[in-house]
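Here is a short tour of a protein model. Keep the viewer open as you read.

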Amino acid sequence: MTIDELGIVLVTGVLQGSVYALVALGIVLVYRASGVFNFAQAEFGTTGLFAAFVAVEIWGWSYGWGVLFGLLAAVAMGLLTERLVIHPLRDASKVTLLVGTAGVALTAVGIQFWQNNEVPIRQMPKIVEGVAATPFGAAVTYQQLITFGVLCAVAVALAVFFRSPSGLAIQAAQQESTAAELVGISVRRVSMMTWGIAALLGGLAGVLAGPNTTFTAGFLTFGAGRALLPGLMAAVLAGMRSMPGAVIGGLVVGVVEQLGTLSALEQVHGAKALVLFVFLLAVLLLRPQGLFVRRAAT
Amino acid sequence: MSAAIETPPETPAEKTAVLPTVSVEEKPFRPGMSGVLGRGLAWAAVAWLVLAVPGNHLSPFDLGVSDVGVLSTAAIFAIIGLSLNVLIGYAGTISLGHQAFVGIGAFTSAFVVTDLGMEFWLAVPIAAIMGGVQAALLGAISLRLSGLYFALVTLAYGMFAEESLFGIAALTGGEGGKAAPRPIGFETDYQYYYVCLAFLALVWWLDLRLTRTKGGRALQALRENPRVASSYGINVKAYTMLAFVVSGVFAAIGGSLLAHHDEVIVPSSFDFELALLFVLMTVVGGLRNRLGVVLGSVFFALLGSGFLVEALHLTGFVEGVIGLPKEFVALVIGPILLLLTITRFPGGIGQQVAPVRGWMLGGRFDRHAGAVKEIEVNDVRA
């Protein structure tokens, strides 16, 4: 194990972690609004990616409009999920809600498999092709740098948004919905808004991570760009509540996962999955309230 | 009972009339002659469909080898569905890594038969023990975590099993897979179907015994409210562990049968999608409803292979009109059924067939039997 190797782990981990952080932000938002682990979060991304791909490659739209269309598709899916599944189940137990979001994810995956049957493996072009730099010998593409940049911009934008009146309304409704209704905040609209923003974040993760490799149906859920489990883990690190925690958690999970590529673990099969599982168990058993929160999550 | 509410008379002339007590004797319903005959015929039809048709005995249909293979898979899926039902339905803990439970049974069985050279009939119990042990380990973790967090652990566990555990080439044969020959005397698909059916009957009986004994009642109590249950002296931890071990044993039996059904198993077949399919079929079948879970699992197994679409002559409609290839029917229809089940019909298939079931067991045909008002998946720890 050399310094170079650790450097590669750190660089690749942080860049990969940016995608996880975007997913985690959406998961934390939804958890604060609806109290559910959103298993459809990564699927918002894949749906957005597919929509962007269809617009750019098949309809021949320009890249910018294609990405915008993809994000809109993701938001539409998020709003539909809230209306058709989350709202009818608002009084059900949390585990039922979880099964519901998993059902949403599966529906999307099924439709993607079906529509994508003829050419199962797709490739989305990158925003800017090429390698930007090679710190420690790890190739960093422009695409990855843009992803990291978008994450930083999103983090700042969210921080500003949650200090604006709409953002404060969301926070109020999430903390005490009855009291928020009494002072004139429509909890229903807040719930829609939260799911819309979460789906937008998922869509961003999808259109940014998709061009890195080829993609298939269920790309972000269990495909090549698997980000659901790392995203959920990052959200757990954030105690399911803290937005800055979700960003840092995503980056940490990215780096921890990359530890599985160290040459010391070369003999172990599926070392990344092993490292993630052990890390999750350690976090949950030692510090279940999350790493980046002071008080215990309630 | 006579009404004992005494209202003061409004006018003195009016007197409270004492009505004769009407005694309604609840006679147990006994079907008449034709009823017995009808039910007997229905039972005979079910027995014929399950026992005779797959073996091509007394049957106008000539089922091919692959069709019977699909029916065996359906029986195996039913076992797995019952296993998951113990966890979600009885213990109220969701497992998103059930493919690991099944896979561990499958690879243990294949290892015991191929590498240790033992008999299939010995391999199944050994696989079942392994399944119970791994489930107990996972259960020990779950006792410390609340519902949603535990779901996350099972998800990670499933991924870990799929990628790391099943990748150990010395035990599982790695990418190339591992051979799992069928027992002597049951090599053909027709014969093997009856093996699967026998194990399904065994698992059904064990599950029935579980719910009818002290353990089952304890599980029911602690699912409703663990605190109240423990105040009545129920050992919450011990019984949660019991549910895990039972679920692990059932799943491993299913996995073992699955391995010897496919004859060669590869690690990549135990992926996350399979775990989601298991959850789907159990919830759509109807949690805590043994018959419903079995029917749901069979339904999804048949749907997944395209067998059901072909058997109902819907291929033209599904592929031509909707443009949906038949292999994708389960993938697209299944999740929509799941969402409909949890938002509209929480009792699942079990609720739909409850009137027929009651009738066949000798009761009246009650259209409202089995109605479930509350959403069934419930974990108060969540």
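## Helices and strands

Chain A has 11 helices and two strands. Both kinds of element are DSSP runs, numbered from the N terminus: helices are H or I with at least four residues, strands are E with at least two. Along the sequence, the pattern of chain A reads α-α-α-α-β-β-α-α-α-α-α-α-α.

This is a predicted model, in which local features need pLDDT of at least 70 and side-chain atom pairs count only at pLDDT 80 or more, while totals for chains, interfaces and linings use all residues. Residues are numbered from 1 along each chain as its sequence is written, chains are lettered from A and ligands numbered from 1 in the order in which they are written, and side-chain values use heavy atoms, leaving out hydrogens and water.

## Overall shape of chain A

The C-alpha trace of chain A spans about 60 × 50 × 35 Å along its principal axes. Its radius of gyration is 19 Å, which agrees with the value near 19 Å for a compact globule of 298 residues. That radius is taken over C-alpha atoms, and the globule rule is 2.2 Å times the number of residues to the power 0.38.

How much of chain A is buried? Buried residues make up 56% of its 298 residues. Buried means under 20% relative accessible area, exposed means over 50%, and partly exposed lies in between (1.4 Å probe, protein chains only).

Contacts also reach along the chain. A contact means heavy atoms within 4.5 Å. Among contacts in chain A between residues at least 6 apart in sequence, 72% join residues at least 24 apart.

## Charges in chain A

Chain A carries 15 positive and 12 negative side chains. Lys and Arg count as positive, Asp and Glu as negative; His and the chain ends are not counted. The centres of the two sets lie 12 Å apart. Each charge is placed at NZ of Lys, CZ of Arg, CG of Asp or CD of Glu.

Look at A:L208 in helix α8 (residues 187-209) of chain A. A:L208 is buried, because its relative accessible area is 5%. Leaving out residues up to four places away in sequence, A:L208 touches A:L22, A:I127, A:Q143, A:I146, A:T147 and A:V150. A:W65 is 143 residues from A:L208 in sequence, and their C-alpha atoms are 14 Å apart in space.

Now turn to B:S109 in helix α3 (residues 98-114) of chain B. Its relative accessibility is 0%, so B:S109 counts as buried. With residues up to four places away in sequence left out, B:S109 touches B:A123, B:A127, B:S256 and B:H260.

## Salt bridges

How many salt bridges does a search of the whole structure find? Over all chains, there are five. A salt bridge is a side-chain nitrogen of Lys or Arg within 4 Å of a carboxyl oxygen of Asp or Glu. In one of them, A:R83 pairs with A:E82, with the closest N and O atoms 3.2 Å apart. A:R83 is partly exposed at 24% relative accessible area, whereas A:E82 is buried at 2%.

In chain B, B:R290 and B:D207 meet at 2.7 Å, N to O, in a salt bridge. This pair links distant parts of the chain: B:R290 sits in helix α12 (residues 290-304), B:D207 in helix α7 (residues 189-212), 83 residues apart. B:R290 is buried at 14%, and B:D207 is buried at 0%.
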